[in-house]
Each structure stands twice: as structure tokens, then as C-alpha cells.
Amino acid sequence: MSYVILPFEVSSKALNEPAKIRFLHLLSGIATRHRDSIDCSFLVNGRKVLVAISCAALTALREGEHKFLSDQQLAEIAARVLRRSIEEGYDPALEELFLDGEELRAAAYELGFL
């Protein structure tokens, strides 16, 4: 399945140069890492960075509010969170960001998905 996340650049407080970001793929972390997450992988200046979205947060949205997010929407949310984190000084060398319920809800609302 293909998702439309165009490559983008972000200015960073932690890096001396703009971060060049390219979306790679979205996978179930349950199958690949035995973790309760949906994993969105990106390349940031050639280094793999993972944005892990909590399955518990997705379940809470689905069961509590009857809101369903598509894989495309999850990829867009992950890209938005990664962009913002890098702008605010996140060092991509850390290789993983974890997106909990509050952050997921805020990004989804900001993008108009909720």
C-alpha cells in the first residue's frame, strides 16, 4: 500500500543544517517489534527514525469516540509530529518518538481528522 507523504525539509535547533525528511513506510509494531504500536518510518538526513503511534490511543479513539483514523491519516500525523519535534530541538539520532493518546489527539485535531 502506498501513502502520499511528500519529502520535506525542516529547520532544527539541534542540527547545523536543515533536516531532509522522507517517509519510508507504515507497519504494525506488534508484528515486527512485539510492541503495541503502529510504526511510521522516516529517513532524516539519511538516518532511520521511527514514530511509534500507541495502539491503546487508537483503541481509545475508536471505542470512546467512534473515530477511526486511516493509515494515510496516521502517516500524516506521524509526519506532523516529527516535523514539530525536530523544529523544537529533537535530535533524530535518538531514532524513536512515541506518540501517546494526548499527542495523537492534538495532531489529529490540528490536521482536521477529529
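Predicted model: local features only at pLDDT ≥ 70, side-chain atom pairs only at ≥ 80, totals over all residues.
Residues are numbered from 1 along each chain as its sequence is written, and side-chain values use heavy atoms, with hydrogens and water left out.

**Stop 1: helix α4.** Select residues 101-110, which form α4; helices (H or I, at least four residues) and strands (E, at least two) are DSSP runs, numbered from the N terminus. Colour Leu104, Ala107 and Ala108, the buried residues here; buried means under 20% relative accessible area, exposed over 50%, and partly exposed in between (1.4 Å probe, protein chains only).

Next, show β4 (47-54), α2 (55-65), α3 (71-87) and β5 (96-99), which are among what covers the buried residues of α4.

**Stop 2: the ends of α4.** Zoom in on aspartate 100, which caps the N-terminal end: one of its side-chain oxygens lies 3.3 Å from the backbone nitrogen of glutamate 102. After the helix comes glycine 112, with a positive phi near 85 degrees.

**Stop 3: salt bridges.** How many salt bridges does the structure hold? There are three, each a side-chain nitrogen of Lys or Arg within 4 Å of a carboxyl oxygen of Asp or Glu. Select arginine 105 and glutamate 65, whose side chains meet at 2.3 Å, N to O. Arginine 105 sits in α4 and glutamate 65 in α2, so this pair ties together parts 40 residues apart in sequence.

Now go to glutamate 110. Its side chain meets that of arginine 80 at 2.3 Å, N to O, and that of arginine 84 at 2.5 Å, N to O. Arginine 84 lies in α3 and glutamate 110 in α4, so that pair ties together parts 26 residues apart. Arg80, Arg84 and Glu110 are linked in a network.

**Stop 4: serine 41.** Jump to strand β3 (residues 37-44) and select serine 41. Is serine 41 buried or exposed? Serine 41 is buried, with a relative accessible area of 1%. Leaving aside neighbours within four places in sequence, serine 41 is in contact (heavy atoms within 4.5 Å) with Phe23, Leu24, His25, Lys48, Val49 and Leu50.

How values were computed
Polar contact = N/O pair within 3.5 Å; in protein donor to acceptor, adjacent residues only side chain to side chain.
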